[in-house]
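Colleague: I want to learn how to read a few local features in a model. Please walk me through them.

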Amino acid sequence: MHDHDQRFKTLIREFFAEFLQLFFAQWAARFDCTKIEWLDKEVFSDAPEGSRSVLDLVAKLPAREKILDGGAESESWLALVHIEIESPDKVAPLRPRMFRYYVHLRDRYKLPVLPIGLYLKVGLDGIGIDVYEEHFWELEAVRFQYLYVGLPGLRAVEYINSENWLGVALTALMKIPKDKVAFMGMEALRRLSDAPLSDQKRYLLTECVQAYLPPMDEAQKSEVERLERFTFGLHTR
């Protein structure tokens with residue numbers, strides 16, 4: 001598993017409610033995120049290919065309102081939220097996987113499933129709905145939709161002052177003007193250093209900023225050092 005995959009699995013498990021509130025507030029309001037059961041190492045077996053995949057994150061949690069589950073012709077107060085983290089700079093490979101994983105989860109647990117794709121290097125429209133389709137000539141045999149976040153498609157300036165601390169950390173993967181990289185990085189670290197967080201949560205978020213902040217030239221590095229001296233000088237007074 002790539003380091004970034006593990007990093008984001010840890011981040012989202014720790015900040016699951018914040019993740020939903022940040023990008024899908026309407027959906028977040030429908031769930032009770034205080035009662036999450038993580039389905040660890042959920043394995044999907046692709047029989048035709050003979051391969052096995054471990055789904056990234058599958059949360060089982062209560063809904064605050066009944067879910068009209070048309071596929072099972074019933075109502076449910078429980079649901080699964082499946083989040084798949086995609087680090088390559090392309091979207092096509094994830095689309096059929098999201099569909100196969102959805103079918104697997106539905107068949108196994110007989111619960112409604114909310115699928116979410118998290119793109120680390122593809123922006124698309126920032127936040128939206130992606131589609132996987134299968135056609136048989138003119139017949140649209142499959143039309144499957146899932147929510148997505150494309151971090152590079154979001155503007156860091158719109159999240160840097162958020163009180164959602166996960167959003168502050170994720171600005172490192174968002175769209176930052178080249179001449180603002182040093183400032184935005186230091187502002188994110190400054191805000192996280194002042195945030196009312198446990199040491200563990202602060203570490204996870206600041207490590208994310210440091211790992212994903214875009215590369216800087218020498219002038220920008222000098223600016224970071226200047227900002228560090230200024231910021232931490234104020235903190236020690």
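Modeller: Start with exposure: buried means under 20% relative accessible area, exposed over 50%, and partly exposed in between, using a 1.4 Å probe and protein chains only. Leu-124 has a relative accessible area of 40%, so Leu-124 is partly exposed. This is a predicted model, where local features need pLDDT of at least 70, side-chain atom pairs count only at pLDDT 80 or more, and totals for chains, interfaces and linings use all residues. Residues are numbered from 1 along each chain as its sequence is written, and side-chain values use heavy atoms, leaving out hydrogens and water.

Colleague: What is the phi of Leu-124?

Modeller: General idea first. Most residues other than glycine have a negative phi. Leu-124 has a positive one, near 45°. Leu-124 sits in the loop between β6 (113-119) and β7 (127-136). Strands are DSSP runs of E, at least two residues, numbered from the N terminus.

Colleague: Where is Trp-137 found, and is Trp-137 buried or exposed?

Modeller: Trp-137 is in the loop between β7 and β8 (139-150). Its relative accessible area is 75%, so Trp-137 is exposed. The phi of Trp-137 is positive too, near 50°.

Colleague: Which residues does Glu-84 touch?

Modeller: Contact means heavy atoms within 4.5 Å. Not counting residues up to four places away in sequence, Glu-84 touches Val-54, Leu-55, Asp-56, Leu-94, Arg-97, Met-98, Tyr-101, Ile-116, Gly-117 and Leu-118. Glu-84 belongs to strand β5 (residues 74-86). With 3% relative accessibility, Glu-84 is buried.

Terms used. Helices (H or I, at least four residues) and strands (E, at least two) are DSSP runs, numbered from the N terminus.
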